[in-house]
Amino acid sequence: MTVLPDALSADERYCADTFNGAVASAALSAAWEAGLLDELERARFLDAHAFAAGNAAHLNTLNAVLLALASRDIVAFDREKMHATPGPGFEEALRARGFFYWLTAGCAELFAGLPRLVRDPQRAQGGVRRDARAISIACRTIARSFFDPPFLDLIAQAPIGVVADLGCGSGDRIVMLAGHRPGLRAVGVDIAADAIAVATEAVEQAGYGDRITLVRDDVLALAAKPEYEHVDTLTCFLMGHDFWPRENCLKTLRRLREVFPNARNLILGDTCRSTGVPATGLPMFTLGFETAHAVMDTYLPTLAEWDALLEESDWEVVDRRMVDFPAFSFVYRLAPR
Ligand SMILES: C[S@@+](CC[C@H](N)C(=O)[O-])C[C@H]1O[C@@H](n2cnc3c(N)ncnc32)[C@H](O)[C@@H]1O
């Protein structure tokens, strides 16, 4: 006998919603990448048949994606007509799409590998892999929406000649800065070849090849380079936690003073480990962020730990903005002490 949804007990419904949420998370990333979210945002209506034909998409998969989104009220979906419209959860899902992409595209292998990774002795046989390209694309959207506004506010009055973006990912920040400030030159530094590839595409597409240099380098082990000598402003977003644990972080911050002798500003923006929230009350992103870094054995400092460390470091906090979304995040402007 078929069990209808309203025949489920409250516990069964809750468990089904958890399962459906996992499917919908992957569907949201697919919907974004396929251009479906953009289309729904623009036209407020989507005919799956026409969309599949116009975008060389697989109709059955497209319908499954729309059904998964409908299960979480992100869209309203008429399965007979194959028509979708934005649901009550659409705007918030659109705003948070970068976090879903980070989770389901960037960290797919890590989460798929949890059953293996949780068993310590097997960790060495395959390690922990993430998709640097997908993460740089996810972080580009996250940074644009949530970190760039306070960042731009913090540097509004600061004269910047040459900027180095540490852990530059997609290169979006330096491309944006080059667009805002005609004389500005920039260096993007990242350890991941796939991130440098995304940044290279962005720089070429913007036509800033003469003003922006990309360097594949390890920010935790930098040595002086001609490209670094004239840098007056350092930026580092969403990778400051990689400086930790504490002693390493102090060492890296000290090293930045030596490698970038002319840097007058360091703009540091990051998300911290949560404190004081019960597991059932964890906000968007926090659980995924903390789980992924626990699996990778990356120490995540709390905001209080950052503040205490910066008190002792070679850099002094001269201005700050707190970021509410993602929770436990900050953007600080630091100056050499
Ligand atoms: C979470 S992403 C953030 C990307 C970018 N900063 C943004 O705001 O969109 C972190 C980036 O730091 C890079 N990264 C991590 N460890 C690094 C290291 N030791 N040296 C250089 N880059 C590193 C990663 O490859 C990744 O591109």
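I began with the terms: two strands pair if DSSP finds at least two bridges between them. Helices (H or I, at least four residues) and strands (E, at least two) are DSSP runs, numbered from the N terminus.

I noted that this is a predicted model, in which local features need pLDDT of at least 70, side-chain atom pairs count only at pLDDT 80 or more, and totals for chains, interfaces and linings use all residues. Residues are numbered from 1 along each chain as its sequence is written, and side-chain values use heavy atoms, with hydrogens and water left out.

**The sheet**

I looked up the strand order and found an open, mixed sheet of seven strands, β6-β5-β4-β7-β8-β10-β9. Because β6 (212–216) and β9 (315–323) are the edge strands with a single partner each, one side of each has no neighbour in the sheet. I then followed β7 (residues 233–237), which runs parallel to β8 (residues 265–271) and is joined to that strand by five bridges. Here C236 is placed opposite L268 of β8.

**The ligand**

I checked polar contacts (pairs of N or O atoms within 3.5 Å). A polar side-chain atom of D190 is 2.6 Å from a ligand oxygen atom. For D218, a polar side-chain atom lies 2.8 Å from a ligand nitrogen atom. V219 places a polar backbone atom 2.8 Å from a nitrogen atom of the ligand.

Notes:
A polar contact is a pair of N or O atoms within 3.5 Å; within protein, one must be able to donate a hydrogen and the other to accept it, and residues adjacent in sequence count only if both atoms are side-chain atoms.
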